[in-house]
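Colleague: I have a model open here and would like to talk through it with you. Can we start with how the chains meet and then turn to single residues?

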There are 4 protein chains.
Amino acid sequence: MIVVMQQDATEEQINAVVARLDKNGFQVHLSRGVERTIIGAIGDRTRLQDEFLEAMAGVEKVMPVLQPYKLASRAFHPEDSVVMVGDLAIGGEEIHILAGPCAVESREQLLETARLVKGAGATILRGGAFKPRTSPYSFQGLEEEGLKLLAEAREETGLKIVTEVMDVRTLPLVAEYADILQIGARNMQNFFLLREVARVDKPVLLKRGLSATIEEWLMAAEYIMSGGNQRVILCERGIRTFETYTRNTLDLAAVPVVKYFSHLPVIVDPSHAIGKWRFVPAMARAAVAAGADGLLVEVHPNPAEALCDGPQSLTPENFAAMMADLRQTAPVVGRRLAGVAAGA
Amino acid sequence: MIVVMQQDATEEQINAVVARLDKNGFQVHLSRGVERTIIGAIGDRTRLQDEFLEAMAGVEKVMPVLQPYKLASRAFHPEDSVVMVGDLAIGGEEIHILAGPCAVESREQLLETARLVKGAGATILRGGAFKPRTSPYSFQGLEEEGLKLLAEAREETGLKIVTEVMDVRTLPLVAEYADILQIGARNMQNFFLLREVARVDKPVLLKRGLSATIEEWLMAAEYIMSGGNQRVILCERGIRTFETYTRNTLDLAAVPVVKYFSHLPVIVDPSHAIGKWRFVPAMARAAVAAGADGLLVEVHPNPAEALCDGPQSLTPENFAAMMADLRQTAPVVGRRLAGVAAGA
Amino acid sequence: MIVVMQQDATEEQINAVVARLDKNGFQVHLSRGVERTIIGAIGDRTRLQDEFLEAMAGVEKVMPVLQPYKLASRAFHPEDSVVMVGDLAIGGEEIHILAGPCAVESREQLLETARLVKGAGATILRGGAFKPRTSPYSFQGLEEEGLKLLAEAREETGLKIVTEVMDVRTLPLVAEYADILQIGARNMQNFFLLREVARVDKPVLLKRGLSATIEEWLMAAEYIMSGGNQRVILCERGIRTFETYTRNTLDLAAVPVVKYFSHLPVIVDPSHAIGKWRFVPAMARAAVAAGADGLLVEVHPNPAEALCDGPQSLTPENFAAMMADLRQTAPVVGRRLAGVAAGA
Amino acid sequence: MIVVMQQDATEEQINAVVARLDKNGFQVHLSRGVERTIIGAIGDRTRLQDEFLEAMAGVEKVMPVLQPYKLASRAFHPEDSVVMVGDLAIGGEEIHILAGPCAVESREQLLETARLVKGAGATILRGGAFKPRTSPYSFQGLEEEGLKLLAEAREETGLKIVTEVMDVRTLPLVAEYADILQIGARNMQNFFLLREVARVDKPVLLKRGLSATIEEWLMAAEYIMSGGNQRVILCERGIRTFETYTRNTLDLAAVPVVKYFSHLPVIVDPSHAIGKWRFVPAMARAAVAAGADGLLVEVHPNPAEALCDGPQSLTPENFAAMMADLRQTAPVVGRRLAGVAAGA
């Protein structure tokens, strides 16, 4: 790391910083410029946090040189990681589509959707069982009953299941049913929850927080990995900006950027990012072209009756059309869509 | 609410929207302009969410007319709410200073800080016992031991105690010790946690999320209030923007804006917002001038040795100077600082 | 528009708003709810700005129902507009690549780049002649000499030329040379400049401002169109957000969104948005997949010697590879790349 | 500056960077860590821009160590600068209030406002003569006639005049009338305009751009100063964020931060930042408490008839009340309001 001293830093202050670095095993180099003294330090950043130095007298700022994550970095693991979900490989040659309703609402709704998305080529079924939402006056989910319906849908269709875990107390229950544990955007830095999913032997789908930088997102992955669970799948789902024509701003550049710094697979959720079904297929196509390893898409047999996220849900027809489209797009990046469309 | 139909919406689509509004008890008015049909609807928004309508065929957009919160609104409770913390009144004539270290680190550190901030006029002691942080490699808090030290500091100084609760599982434990339960910025929309603190008979300090709008923040308060706990104190602590010279951007306008729309007390945390102790006193003064009911400020006997947030912590000397300053500022807004400075 | 009155608005205040709307030819409808009176008004928004009403006593807020742009809207012009640049059609079936250096630096640099990008299939050459930059200590452009070199490159290669106009005083000069006048992101709301380019008989490439909403961007286009120049090409180039791993955040969703609300062609500049050449090809591919009508890309024969934007410039080899890639991507959206690669 | 090499950078690439730094007169120091080689370079940053290095093969990133501005920095000029506007000292002990309408609309409106704000203690009259606005369908200003009315108001009241210059062509005209040349937020990086005002012997009020970082803002000041005009007054006027309850987000922390890094005076425009008159007085008070050297405030004799910015304009009564308030606030920061209130 680089420690920039204030212009009027005293010899004593400079020496105190050097001594502290030294004590913590850092190799130190001093550059005395006309305007500032700059201290370069090479060592193990986990032994001395930047903020210890930044709080010392005479220090102007501390600039980290390397990324703060390790296990999640390419430096640690140069090859792409492939996360297995049963026999499905996420991050390999095949692109997976995770599709389904925002919330599990009923047996009919879920099974119908499951058959439809399976028929169009999806390999994983999404659906929320716990849905505490922004308004305390909205539908809050079917809870365990929802999980059972997901399992029934898996039984019938062979689709794997991804569902969100929001509460450490229900984690054991969710883990019993789910093939992939989803950590929602609002929980990306819920470190208690991250710690617990780190101890479960299931892949984790880690959504990027609405205002999380790529670095913080990778640090959240690091949290899970350092806790013992290496099977992390990242999911870009839009960040909060000033633009209001879309719900959030889908940061597609995060896909190649994350893939440069990290070996983890990255999927994209265009539905939440955009918030309007009309624009979802174009962004799904763009995500595949940008290099995404999969897509998380909301589909509902009747969006106008959906208890959650209707405006961003595709109808079965629109979903099928989008899938046909993506099947053509994948070869552009040297890949193919997993799953087989019925009648294809 | 207002439903704007697409330019090419059919009669049938318009009728379907009207029928749905009608069925849910809304009073409907149709305006057929040259370019668009617009449907005005008056009724109970909790009976029909905007998104149900937005997902209907032919609908361009749905525009809510009223704020979505009720219990938190001035319409529901026109007078300022005063939240009692024992015998301290937050939101009344007196401005309260909540001060202390980021994390409880040791008995010495905490007791020394408690005496110092008490001596300078603070009325409430802050200190984190559970500190899971961005990096898994950082100090994670003293946990229950930290809570006991806080209680000891209360015993000795008479200061009330505010500490963060981050996990539903430790809520009973934290509630046993704390006088105010703090919900951190990252948990502002952790609805499971909000539900649980709603059932505890303790005041809740609700920090604004890094990327939360004022409306979402008030909806989070509504969540707690609708669950049975009316004693919510709001805390502005900076939002995430593109600016990098400060840690976050302190949105001081949120103080008068929240006070216009809501009756709840609002305090300000300049330490986390700015991230650099040097600028904290100026922003503390500005917060009081903007109408804040209190301040949450980080103080550490030796910031360079702080295990957390050293760069933004005031030394005891700087804190005392700031308090003297604020004591002069409060009368500008017709108020006075609670607490008595030693020797004053 | 919808005027929401304050809860305690008086009869007199309501009547005053109604009278004002009435006087300006609006058709008015009053809805008296339990909590609020809401006034719906249908009429010509150009006759009475929202802010006149918002400033009236008793008014809580004014909510516009329709988009404020007309000429730029699909309502006004339902079919896609095709902007002709000589014999090149922007917004038609063919996707055009506008490529070249950030700045014109020398005869050799420009001609070499022109030949290279032409050889790889670009149809339009980009290059800045006036380059006043963030730092007063940086290279500021070759000015008229640069324009002459661009013309020479056009002469030799047959490529059209796009170059930025930044100053009303040099507009006549730039217009003499350029085939497309570029308005940079920082000038998107330089209304004096917009007025002047509106009077020139040349297509205008209008870049989105760093912090401009899609609506403001379309209003800037409206400014040019209402001034008499209908040949506007929009260019998404990234918006400013909190993310720091990329220079800006490329808002690719803006492509389908703009195409839904407007008939104007939209191209994408991945180079400026991302700021690092390494990620440009992936985002170029994604932009085409999202439906862009073209791309603006920085290419330099030797990026490390570039006087401007070297880090985001592609080498000729990388550019050629990207072009081959895009040639395969275009058919996915039912289009083809304009231009012919040498030897293809 | 610090050059961080990629993990797999070759000896040759490292040597090339060192050679280039060397050639440009930098003193170089190499740190070879386990993971990376880091090159520290001390020298004149104006001789070699960061981006030259960043574009070199094997370079991961370039980190500037010092601020890029010089003339605007405290390092160059440690004491506070006081900018004289005639006999008024901006940045001294007295806080100045610059007040008036958004736009000059008529003789009556302007003179009435001038008398009113003078009577309440303002020392400088604001008013726009050129008002090209977001919508081409809005009022565009009285132009030269407006400037003449401003001069007449100065004549009558003795107030100095600040008015915006938006176009290099009208600069000579505006400079003939104005006491302070205002550069609007949208023109903060209009470098042609900055260059021209740098050559005029008048103080410049430089508003911060909506999406400008503090560093870019100071670089814009540097542009003017390096061009020969040292009399720059900075004006914070809100930045664009995701929050929608206010027009922009007033970044009050920018006041102490700028004052730490720069010697230039800083004033605050709460009217544009907030966009609603109701919240202006609280934020004006907060700005003074934060250390602002002055305020720019919109006042209109009849906001509901204002041709521009009515919703954020104070009535004369509200303005007078705010001034009384500020007169009490100034001593809190050891200052006093310039100007004398009539009857005081």
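Modeller: What follows goes through one chain contact and then two residues, and please keep in mind that this is a predicted model.

Colleague: How many residues does each side put into the contact of chain D and chain C?

Modeller: Chain D gives 55 residues and chain C gives 55 residues, and between them the two chains bury about 4700 Å², with 53% of that area on carbon and sulfur atoms.

Colleague: And how many salt bridges are there between chain D and chain C?

Modeller: The count is 6 salt bridges, and one of the salt bridges joins the side chains of R240(D) and E216(C), with 2.6 Å from N to O. Counting residue pairs in polar contact between chain D and chain C, where both residues have pLDDT 80 or more, gives 17.

Colleague: Which helix gives the most to the side of chain D that touches chain C?

Modeller: At least two residues each come from α2 (50-54), α6 (191-197) and α7 (214-226) of chain D, and α7(D) gives the most, with 5 residues. Sorted by class, the side of chain D that touches chain C holds 24 nonpolar, 14 polar and 17 charged residues.

Colleague: What rotation puts chain D on chain C?

Modeller: A rotation of 180°, with 0.0 Å of shift along its axis, superposes chain D on chain C with an RMSD of 0.0 Å, which is the relation of a two-fold axis. The residue of chain D that comes closest to the rotation axis is S211(D), whose C-alpha is at 2.9 Å. The copies meet through the same surface, because 100% of the interface residues of chain D are also interface residues in chain C.

Colleague: Changing topic, where is the place of Q189(D)?

Modeller: Q189(D) sits in the loop between β10 (180-183) and α6 of chain D, and it counts as buried because its relative accessibility is 16%, under the 20% cut-off. From Q189(D) to A330(D), which is 141 residues apart along the chain, the C-alpha separation is 32 Å.

Colleague: Then Q109(A), what does that one touch?

Modeller: Leaving out residues up to four places away in sequence, Q109(A) touches P101(A), A103(A), V104(A), H300(A) and P301(A). Q109(A) belongs to helix α3 (residues 107-120) of chain A, and a polar atom of the side chain of Q109(A) lies 2.9 Å from the backbone nitrogen of E105(A).

Colleague: Does Q109(A) count as buried or exposed?

Modeller: Q109(A) counts as buried, because its relative accessibility is 6%.

Notes. Residues numbered from 1 in each chain as written. Chains lettered and ligands numbered in written order. Predicted model: local features only at pLDDT ≥ 70, side-chain atom pairs only at ≥ 80, totals over all residues. Heavy atoms only, no water. Contact = heavy atoms within 4.5 Å. Buried area = accessible area lost by both parts, 1.4 Å probe. Salt bridge = Lys/Arg side-chain N within 4 Å of Asp/Glu carboxyl O. Polar contact = N/O pair within 3.5 Å; in protein donor to acceptor, adjacent residues only side chain to side chain. Helix = DSSP H or I, 4+ residues; strand = E, 2+ residues; numbered from the N terminus. Nonpolar A, V, L, I, M, F, W, Y, C, P; charged D, E, K, R; others polar. Least-squares fit on C-alpha atoms with pLDDT ≥ 70 in both. Buried < 20%, exposed > 50% of the residue type's maximum accessible area, 1.4 Å probe, protein only.
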